[in-house]
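Student: I am new to this structure. Please take me through one part of it closely, and show me what surrounds that part.

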Amino acid sequence: MLIRKFRNTLIILFLFPFYKTSGQQADTVVSGSYDNTPFVDFVEEVENNTSLRFYFISDWVKKIRITASGNNLSLVRILDGQLKELGMQIYREGNSIFIFP
């Protein structure tokens, strides 16, 4: 599984380095309360409740925490708002979301 995530992430890094998700595809909404939640835990919950799959290298996200609370929250806004300030990029293709520096 790690190799698959790594391979797909490398493909995205080389093919789409400047691509943004905003406005490109229908947004997914999530509901819940995330208070300084580790990124990996947040992703696991989103994957369990949607058809989305995230791809990233663990070292890139190990210090990232997600804070958001409410119903019908925009996933793109949560990710853009909290990952951009850390220098991370997001690329979405269908149900796959790639996170990379």
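What follows is a close look at one helix and its surroundings.

Student: Is helix H4 mostly enclosed or open, and which residues of H4 are buried?

Tutor: A caution to begin with: this is a predicted model. Helix H4 spans residues 75–83. Of its 9 residues, 7 are buried, so H4 is largely enclosed by the rest of the structure. The buried ones are Leu 75, Val 76, Ile 78, Leu 79, Asp 80, Gln 82 and Leu 83.

Next, the cover. Strand E1 (29–38) and helix H2 (39–49) are among the elements that cover the buried residues of H4. The cover also includes strands E2 (53–55), E3 (65–74), E4 (89–93) and E5 (96–100). Take these pieces in turn.

Begin with the sheet. E2, E5 and E4 form an open sheet of 3 strands, in the order E2-E5-E4, and the pairing is mixed. E2 and E4 are the edge strands, each pairing on one side only. On average, neighbouring strands of this sheet are turned by 20 degrees against each other, direction ignored. E4 and E5 run antiparallel, joined by 5 bridges. Glu 93 stands opposite Ser 96 in E5. Helix H2 packs on this sheet and touches E2 and E5. The direction of H2 makes about 150 degrees with that of E2.

Now H2 itself. Its buried residues include Phe 39, Phe 42, Val 43, Val 46 and Glu 47. These residues cover an arc of only 130 degrees around the axis, which puts them on the same side of H2. The face turned away from that buried side carries Asn 48 and Asn 49, both exposed. What do the buried residues of H2 pack against? They pack against H4, and also against E1, E2, helix H3 (58–61), E3 and E5.

Strand E1 is next. Thr 37 has its place in E1. Thr 37 is buried: its relative accessible area is 16%, and buried means under 20%. Not counting residues up to four places away in sequence, Thr 37 touches Phe 42, Ile 64, Arg 65 and Ile 66. One of these, Phe 42, is a buried residue of H2. Asn 36 also has its place in E1. Asn 36 is partly exposed, with a relative accessible area of 46%. The phi of Asn 36 is near 60 degrees, a positive value in a residue other than glycine.

Finally, strand E3. Asn 72 is found there. Its phi is near 55 degrees, again a positive value in a residue other than glycine. Asn 72 is exposed, with a relative accessible area of 57%. Leu 73, however, is buried, with a relative accessible area of 17%. Leave aside its neighbours within four places in sequence, and Leu 73 is in contact with Thr 28, Val 29, Val 30, Gly 32, Ala 68 and Ile 78. Leu 73 and Asp 27 are 46 residues apart in sequence and 9.7 Å apart in space, C-alpha to C-alpha.

Definitions and conventions: Residues are numbered from 1 along each chain as its sequence is written. This is a predicted model: local features need pLDDT of at least 70, side-chain atom pairs count only at pLDDT 80 or more; totals for chains, interfaces and linings use all residues. Side-chain values use heavy atoms; hydrogens and water are left out. Buried means under 20% relative accessible area, exposed over 50%, partly exposed in between (1.4 Å probe, protein chains only). Helices (H or I, at least four residues) and strands (E, at least two) are DSSP runs, numbered from the N terminus. Contact means heavy atoms within 4.5 Å. Two strands pair if DSSP finds at least two bridges between them. Axes are lines fitted to C-alpha atoms, for helices over the stretch in contact, and angles run from 0 to 180 degrees between N-to-C directions. The arc is that of the directions from the helix axis to the C-beta atoms.
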